[in-house]
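Visitor: I am new to this structure and would like to learn how to read its features. Could we take them one at a time?

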Amino acid sequence: MSKLTKNQKLAAEKIEAGKIYTLDEAAALLKEITTTKFDASVDIDVRLGVDPRKANQMVRGVVSLPNGTGKQVRVLALCTPDQEAAAKEAGADYVGLDEYIEKIKGGWTDVDVIITMPQIMGKIGALGRILGPRGLMPNPKSGTVTPDVAKAVKEVKQGKIDFKVDKFGIVHTSIGKVSFAPEKIAENAKEFIQTLIKLKPAVSKGTYIKSIYLSSTMSKGLKIDPKSVE
């Protein structure tokens, strides 16, 4: 087991064992306990009272974070020629169709999000084996298959993310960077959790938000009081 560095020891001392923090407290403390030299991502893990093995309890959606993600998201717009100019103006990093489909078939996947149009999905379906495992396959539910490609590109660039509960009933995503002010981290977290609450399946009984943890890259997780997010 590797030894803790001086900074890691100081960070660990700031965390009270067994304490459940308010969201605002955790957002502020997170900046103090992050010792990475790079601008670490802020991650949130929410355990839900659902059984994701049942289709009617699957929680999946999108949310536009009010303060963005802090990440440079590389967007590929696969669209018809009449939408190319608008997609470029909206901020797409790559725009085209057949040439990029061929590049992807050859193994190229150096993008974070792919946005396309309903009438093009027939061509893209053959790329499922490549894009699926990488989480890049466009999907109407995540807003990445749409008639208005430019609007979707703009939303992704401004901080729109999609999420899905995993097989353990946990939703995990990044909601910003440690360089964000604490109030901006808290605002993004609240927006995300409120979106989860709106997506609560009708058949879900008992406690829906079971636990919330906030952490940064390589930091310890801070347990959040769900009531502080309401």
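Visitor: How many bridges join strand β1 to strand β8, and in which sense do the two strands run?

Guide: Strands of a sheet pair through backbone hydrogen bonds, and the pairing is either parallel or antiparallel. Keep in mind that what you see is a predicted model. Here β1 (residues 41-48) and β8 (residues 209-216) run antiparallel and are joined by seven bridges. To find the pair on screen, look for Val 46, which stands opposite Ile 212 in β8.

Visitor: In what order do the strands of that sheet lie?

Guide: The sheet is open and has four strands, in the order β7-β1-β8-β9, with antiparallel pairing. At its edges are β7 (170-177) and β9 (222-224), each of which pairs on one side only. From one strand to the next, the twist averages 25°.

Visitor: Which strands form the open sheet with parallel pairing?

Guide: That sheet has three strands, ordered β4-β3-β5. The edge strands, β4 (94-96) and β5 (113-116), each pair on one side only. The twist in this sheet averages 15° from one strand to the next. Strand β3 (residues 75-78) pairs with β4 in the parallel sense over three bridges, and Ala 77 stands opposite Val 95 in β4.

Visitor: Which helix packs on this sheet, and which strands does the helix touch?

Guide: Helix α7 (residues 149-157) packs there, touching β3 and β5. The direction of α7 makes about 160° with that of β5.

Visitor: Now for helices against helices. At what angle do the axes of α3 and α7 cross?

Guide: Two packed helices are described by the angle between their axes and the distance between the axes. For helix α3 (residues 81-90) and α7, the axes cross at roughly 15° and come within 8 Å. Angles under 35 degrees count as roughly parallel, and α3 is therefore roughly parallel to α7. The crossing of these two helices is right-handed.

Visitor: Which residues make the contact between α3 and α7?

Guide: From α3 come Gln 83, Ala 86, Ala 87 and Ala 90, and from α7 come Val 149, Ala 150, Val 153, Lys 154 and Lys 157. Sorted by class, the contact of α3 with α7 has six nonpolar residues, one polar and two charged.

Visitor: How do helices α2 and α8 pack?

Guide: Helix α2 (residues 23-33) and helix α8 (residues 182-198) pack at an angle of about 130°, and their axes are 8 Å apart. The two are therefore oblique to each other. The crossing in which α2 passes α8 is right-handed. On the α2 side, the contact is made by Leu 23, Asp 24, Ala 27, Ala 28 and Lys 31. On the α8 side, Pro 182, Ile 185, Ala 186, Ala 189 and Lys 190 take part. The contact of α2 with α8 has seven nonpolar and three charged residues, and no polar ones.

Visitor: How many salt bridges does a search of the whole structure find?

Guide: Side chains of opposite charge can pair when their charged atoms come close. The search finds six salt bridges. One to look at is formed by Arg 74 with Asp 112, whose closest N and O atoms are 3.1 Å apart.

Visitor: Where do Arg 74 and Asp 112 lie, and what does the pair tie together?

Guide: Arg 74 is in the loop between β2 (60-64) and β3, while Asp 112 is in the loop between α4 (98-105) and β5, so the pair ties together parts that are 38 residues apart in sequence.

Conventions. Residues numbered from 1 in each chain as written. Predicted model: local features only at pLDDT ≥ 70, side-chain atom pairs only at ≥ 80, totals over all residues. Heavy atoms only, no water. Axes fitted to C-alpha atoms, helices over the stretch in contact; angles between N-to-C directions. Parallel < 35°, antiparallel > 145°, perpendicular 65-115°, else oblique. Left-handed = near helix turned anticlockwise from the far one by under 90°. Contact = heavy atoms within 4.5 Å. Nonpolar A, V, L, I, M, F, W, Y, C, P; charged D, E, K, R; others polar. Pairing = 2+ DSSP bridges. Salt bridge = Lys/Arg side-chain N within 4 Å of Asp/Glu carboxyl O.
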